[in-house]
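Take a look at it first, and then we'll walk through a few spots together.

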Amino acid sequence: MDMRSRPFRSVLYIPGSKPRALDKARGLPVDAVIFDLEDAVTVAEKITARDTLAQELQQGGYGTRMRIVRINGFDTEWGHADAKAVAQMACDAVLLPKVSSLADLDALAEITGELPIWAMMETPRGMLNAAEIATHPKLQGMVMGTNDLAKELQVRFRADRMPLMAGLGLCLLAAKAEGLVIIDGVYNAFKDAEGLAEECSQGRDMGFDGKTLIHPAQVDVANTAFAPSNDEVDLARRQITGFEEAEAAGQGVAVVDGKIVENLHVVTAREIIAKADAIAAVSA
Ligand SMILES: CC(C)(COP(=O)(O)OP(=O)(O)OC[C@H]1O[C@@H](n2cnc3c(N)ncnc32)[C@H](O)[C@@H]1OP(=O)(O)O)[C@@H](O)C(=O)NCCC(=O)NCCSC(=O)C[C@H](O)C(=O)O
Ligand SMILES: [Mg+2]
């Protein structure tokens, strides 16, 4: 499945040190898993988590879920050994935290070879260099690290995320320009389903492909928010039919529900249907 049509509605972080949670993910309806060796793992467990994770991935059972491993940064004592270990793991991609420059990804690719790379975008320097970072040939996706970004920017929490908007926008532009997947940051209050739904809706409107999550209770909300609704799919089908009929009648523009439909709208309509079909395929 090509990366752009593959669903990434729900991307769940799982601490690499927690076998029970690692096992639980095999039965959760998530599109992707980030197996974490970084922030969710205590210093005391850093090395054992690497081994626990390697064994769980070897055992398999994650089905169609994309398996992404987040390593520790190269400015820590674990980063290089993590990267070497991940290169041998049964996973689909490696995720580097706190990416600030293209050189950070070059350093990772030297160790992980052909393994696709994802970048955590969570530093002010990373925001400013997002356009260049997005051009790395091994890069498949970006993940917003909104907690680290908020810390670095010294912002106050606001439900509308206004203080983070410049950074989110720069990364969205960079990812879209290079055809990368881009996933929104986490919603920390994992028992607040209503707040999560609002933030997912905002992220979906902005063009994110999905949301990173920290708890299984968040999965259904994200899956609903980032999937095309029945109304959207229905409209997309009618736009395609309407445009085809207009073309057959020698017209370049159709009118559906009182709005014009041009070729570019048909491209979007086909993408909506492709996404709905891809979700149906993984749900089956
Ligand atoms: C937040 C938690 C610490 C809550 O844990 P807990 O109190 O144990 O939750 P529950 O008792 O409600 O758990 C119920 C069952 O669900 C399983 N579980 C919990 N979390 C996960 C998970 N993430 N993946 C899979 N399964 C999970 C429990 O094992 C229970 O199972 P069972 O016993 O069988 O019923 C905890 O949820 C947690 O640790 N979450 C992950 C936190 C994390 O990964 N943080 C780092 C990523 S966020 C980040 O770094 C952001 C970024 O870098 C930035 O800068 O923004
Ligand atoms: Mg972070």
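## Around the ligand

How far does a polar side-chain atom of Glu122 lie from an oxygen atom of ligand 1? The distance is 3.1 Å. Keep in mind as you read on that this is a predicted model. With Ile214 the backbone is what counts, as one of its N or O atoms lies 2.8 Å from a nitrogen atom of ligand 1. As for cover, ligand 1 has 1000 Å² of accessible area on its own, and the protein covers 69% of that.

Now for the neighbours. Ligand 1 is surrounded by 22 residues, and the closest are Tyr13, Arg20, Asn147, Ile214 and His215. Sorted by class, this shell has 10 nonpolar, 8 charged and 4 polar residues. Strand 1 (10-15), helix 1 (19-24) and helix 7 (146-153) are the elements that give two or more residues to the shell. Strand 1 gives the most, with 4 residues.

## Rings that pair up

How many aromatic pairs does the structure hold? There are 2. Let's start with Phe8 and Trp118, whose ring centres are 5.4 Å apart; their planes meet at 55 degrees, so this pair is tilted. Phe8 sits in the segment before strand 1, while Trp118 belongs to strand 5 (residues 117-121), so the pair links distant parts of the chain, 110 residues apart. Are these two buried or exposed? Phe8 counts as buried because its relative accessibility is 1%, and Trp118 is buried too, with a relative accessible area of 1%.

Then there's Phe35 with Tyr62. Their ring centres lie 5.1 Å apart and the planes are at 75 degrees, which makes the pair edge-to-face, since planes over 60 degrees apart count that way. Phe35 comes from strand 2 (residues 32-36), and Tyr62 from the loop between helix 2 (46-59) and strand 3 (66-70), so the pair ties together parts 27 residues apart in sequence. Phe35 is buried, with a relative accessible area of 0%. Tyr62 has 2% relative accessibility, so it counts as buried as well, the limit being under 20%.

## A charge over a ring

Another ring to look at is that of Trp78. The charged end of Lys46 sits over this ring, 5.2 Å from its centre.

## Far in sequence, and in space?

Met142 lies in strand 6 (residues 139-144). With a relative accessibility of 0%, Met142 counts as buried. How far apart in space are Met142 and Asp184? From C-alpha to C-alpha they are 8.7 Å apart, and in sequence they are separated by 42 residues.

You'll find Lys98 in the loop between strand 4 (93-96) and helix 4 (102-112). At 32% relative accessibility, Lys98 counts as partly exposed.

Arg161 also isn't a glycine, and its phi is a positive value near 55 degrees. Its place is in the loop between helix 7 and helix 8 (165-177). Arg161 has 4% relative accessibility, so it counts as buried.

Conventions:
Residues are numbered from 1 along each chain as its sequence is written. Chains are lettered from A and ligands numbered from 1 in the order in which they are written. This is a predicted model: local features need pLDDT of at least 70, side-chain atom pairs count only at pLDDT 80 or more; totals for chains, interfaces and linings use all residues. Side-chain values use heavy atoms; hydrogens and water are left out. A residue is near a molecule or strand if one of its heavy atoms lies within 4 Å of it. A polar contact is a pair of N or O atoms within 3.5 Å; within protein, one must be able to donate a hydrogen and the other to accept it, and residues adjacent in sequence count only if both atoms are side-chain atoms. Accessible areas come from the Shrake-Rupley method with a 1.4 Å probe; for residues, only the protein chains shown count as cover. Ala, Val, Leu, Ile, Met, Phe, Trp, Tyr, Cys and Pro count as nonpolar, Asp, Glu, Lys and Arg as charged, and the others, Gly among them, as polar. Rings of Phe, Tyr and Trp (its six-membered ring) pair if their centres lie within 6.5 Å; planes under 30 degrees apart count as stacked, over 60 as edge-to-face and the rest as tilted. Buried means under 20% relative accessible area, exposed over 50%, partly exposed in between (1.4 Å probe, protein chains only). A charge sits over a ring if NZ of Lys or CZ of Arg is within 6 Å of the ring centre and within 35 degrees of the ring normal.
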